[in-house]
Structure formats: C-alpha cells, structure tokens
Amino acid sequence: MRNRETAEAVPRDGARIGRIGRYPVRWHNVLLTVWTAVWFVVAERHGGVSWHYLRTGQQLLFNQVPGGGLALYANHPELQIGPVSFLVAGLFAPFPADMGEKLADAFMSGLGLYLLVMVGRAAADHYRGTGLNHKRLQQRVLIAGAAFIPMWVEVSVRFAHLDDVLALFFTALAVRALVRGKATAVGVFLALAVDSKPWAVGFLPLLLALPRPTRLRATAWALGLVAVAWLPFYLSHMETLAAARFTIPNQPASSLRWFGVYDTATPWWDRPAQMALGLTLGALAVRRDRWPAVVLLAADARIVLDPSVYTYYNASVLLGTLIWDSIGQRRLVPWVSWIALISLYGSALLIPSAPTRGLIRLAFAVGSAAYVLWWPQRRPRGKRGGRRSQDPPTIPAAVTHDCLPGHAR
C-alpha cells in the first residue's frame, strides 16, 4: 500500500520528494557530490597518470606535430583511443598544461555525478506505473553511487582516461534514451561510445532491447557514425589495421593465467574473444528480458580476458552494477555494486598475491554474470503480461520532468 500511495502521489508532488526545502536539490545528490569531492582531493595529488596520451593524440590528430592527421593510428598504434576522445581533449588544449589537466579532471568528475542523475531518472522512468517508491529509489541510487564514485574518480582523476570516461558516459546516455524509447538517440550515443573507446563495442546489444520497428533505424545510425569516425583512418592508411594487433604485457594478476595463458603479451585471439564474449552475453541478457545487465556483462568479459589489471578497468564494472542495481532489480540494498567494489578494488589494495587477485577477478566476473542472467527476478506489477520489460515505456511529456529522483531545474 505504501508503494502504491507514493506512486499515486507522484504526479502531484513527486517533484518535492527528497528535495532540500524549497530548493531544486535532493539530499542524495548533495551527499554524492560531497563524496565525489572527498575522493577527488585524495586522487588529485597523484592524478593525471595517462593524460599525456590524450594531449599527444589531440596534437597528432590536428597535425600540430609530425606523423598525425589520418596517419595517427598507423604511426602510433599505442594510442588505443577513439577520435572523439581526442576532439574533446582539444577543449583543454588552449590552457597551460597543468591547468588544462586539472580542468579536465574536474570536467570528468562532473560527468560522473551527472551520470548518476541520469541512471536515477532512467530507473524512475523504467518503473513508472509499477508502484515505485521514489524515496527508496533515491536511497538505492545513493548506496550504489557511493560504491561507483571511487572507481569513477580512479578512471577520471587518477588515470585521467578521458576515452574510458566518455565511453561510459555515452553508454549511460544510451541507457537513458532506451528507457525513454528514443531509438535514434540510442544508436547515436552507442556510436559515440565506440568512437571514444573501441572496447565499447560490447555495449551494442543494448540495440536489441529496442522494439523491432525502431531497432533497424538505431542500428543504422550506430554503424553509420562508427564508420564515419573510423573509416577515414583505415581507408587512407591501411597500416592502421596494425593498431588492432597492438599488444600489452600479460600481467601476473590477470585472470588469463587461470586459463593457462602464460604468454608474455596479449595473445592474438584475446581481443576478438573479449568482444565476442561481451556481445554474446549481452544478446543473451536481452533475450532473457534482462537488458539492464548488458553493460555489466560486457565489463565482465573485458576484465576476465584482459591481460592487464589496471584498477580503472573497474569503472566499467561499477557502471554495470549501478545500472543493474538501479534498474535491473528492486532491492533497497544494491549489494552487487558493493561486492564489485570490495572484490575488485579491495583486493587490489589489500591482497599481495597476484594469482589470488586474478582468481578473485575471475570469480566475480563468472559469479556476477551467472547471477544477472539466471537468478530468478520478480517482475514489476505494471509489467506483468502485456508489454515485455525490455520494451521502453512511452513517457508522457507532462510528467517526465516532475517525478524523477535526480531532476533539478
């Protein structure tokens, strides 16, 4: 009854749920902002580890240094970064190097906070008409967001991987568009994710969650924009194909070691296997009416088969658990997010044995994938029968901005 009463009251006063007095600010967003600031201060002292790659790539793309332009990837296969990321990095080029890096760190941190708001809104839209308790949803986003922020700051501030940040941010935008039934936007945002970082290909099964009549249009937009971004480099310099074969060391803590892979560098089959596994698991999730699991499954495929074990990889996993805990299930405590943080980040900080860390990573990836794919889920009341859960509901324009937990005018 309490959930039902809350849902019925939302059209009238949903905009006030969780707000601080008369201000268009909600408590959970304020707490998450403070939490982000704490981690930002901690990480900033040793931040910007990889920002020089973005700065160099931006200079190469715009021919500010020799060997760039459309020959960028042919001459620098180590830059495994999409052209969209270099374009965005160019926004910080006019500033002195140190200031530009600090501004980029702040910008990327801000994207993480906005990403949390978008996921909260997407969850509210997804569960509209099902007896959703908005206060409980805000609490769920707060608890899951508290686990997500440390890993977001890891990728955005400590390592300053603008490419990974943009790939995850555009993917979150695609999830929001999917819930709202904006098929073209889903295709555009997923393309921008791939154009920012190639491993975002694993998120493309989100297209399958669209209703059939619009799926083809969204897929055409996605493939078209990916082609526009990448084909000029390949068609003008065939040596660009070598960039796809770029290898990195196979670290002792990699889960590949538990599969008997002791190559010193990336095996030739590894990258195709990562993409194939992520796409297959994502398609299976959609087929089983569990599309909110797509991002987590793609991230699982990445970390379990990657020869490297950088902690910023965990940001994609935590985005996946955030989406699952907010949209894929309705429990108040988003324990999947916290298990991910403790297992992946906690083990990296506290466990000295490299093989043990690899085993923990493998166990989490396999366990979380099995859970989101096969653990029995309670279907929301408003979604039983009739419309399938992966078909985005139509959101009336009059209520779209009134009852979302993260909305602030």
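This is a predicted model: local features need pLDDT of at least 70, side-chain atom pairs count only at pLDDT 80 or more; totals for chains, interfaces and linings use all residues.
**Entry: confidence**

I noted a mean pLDDT of 87 for the protein chain, with 86% of its residues at 70 or more. I then went to residues 1-15, where pLDDT also stays under 50. For that stretch I found 20 contacts beyond four places in sequence.

**Entry: the cavity**

The structure holds one cavity of 30 Å³ or more, and I wrote down a volume of about 70 Å³ for the largest cavity. Which residues line the largest cavity? I listed I303, S308, V309, Y310, T311, Y313, N314, L344, A348 and R361. Sorted by class, this lining comes to six nonpolar, three polar and one charged residues.

I moved on to open space. The largest pocket has a volume of about 1200 Å³. I found 43 residues in its lining, and those nearest its centre are Q80, K197, P198, W199 and R271. By class, I have 28 nonpolar, nine polar and six charged residues in the lining of the largest pocket.

**Entry: S254**

I picked out a serine in the loop between α10 and α11, namely S254. Is S254 buried or exposed? I put S254 down as buried because its relative accessible area is 1%, and the cut-off for buried is under 20%. A polar atom of the S254 side chain lies 3.1 Å from the backbone nitrogen of L256. Leaving out residues up to four places away in sequence, I found S254 touching D306, P307, V309, G358 and R361. Two of these names were already in my notes: V309 and R361 also line the largest cavity.

**Entry: F169**

My last stop was helix α8 (residues 162-179), where F169 lies. F169 has a relative accessible area of 10%, so I marked this residue as buried too. Which residues does F169 touch, not counting those up to four places away in sequence? I wrote down L111, Y114, L115 and M118. I also checked F169 against L192: the two are 23 residues apart in sequence, and their C-alpha atoms are 9.7 Å apart in space.

Methods. Residues are numbered from 1 along each chain as its sequence is written. Side-chain values use heavy atoms; hydrogens and water are left out. pLDDT is the predictor's confidence in each residue, from 0 to 100. Contact means heavy atoms within 4.5 Å. On a 1 Å grid over the protein atoms alone, a cavity is a set of points where a 1.4 Å probe fits but cannot get out, and a pocket is an open set with protein on both sides within 12 Å along at least five of seven lines; lining residues have an atom within 4 Å of a point. Grid points are joined across faces, edges and corners, and a volume is the space filled by probe spheres set on the points. Ala, Val, Leu, Ile, Met, Phe, Trp, Tyr, Cys and Pro count as nonpolar, Asp, Glu, Lys and Arg as charged, and the others, Gly among them, as polar. Helices (H or I, at least four residues) and strands (E, at least two) are DSSP runs, numbered from the N terminus. Buried means under 20% relative accessible area, exposed over 50%, partly exposed in between (1.4 Å probe, protein chains only). A polar contact is a pair of N or O atoms within 3.5 Å; within protein, one must be able to donate a hydrogen and the other to accept it, and residues adjacent in sequence count only if both atoms are side-chain atoms.
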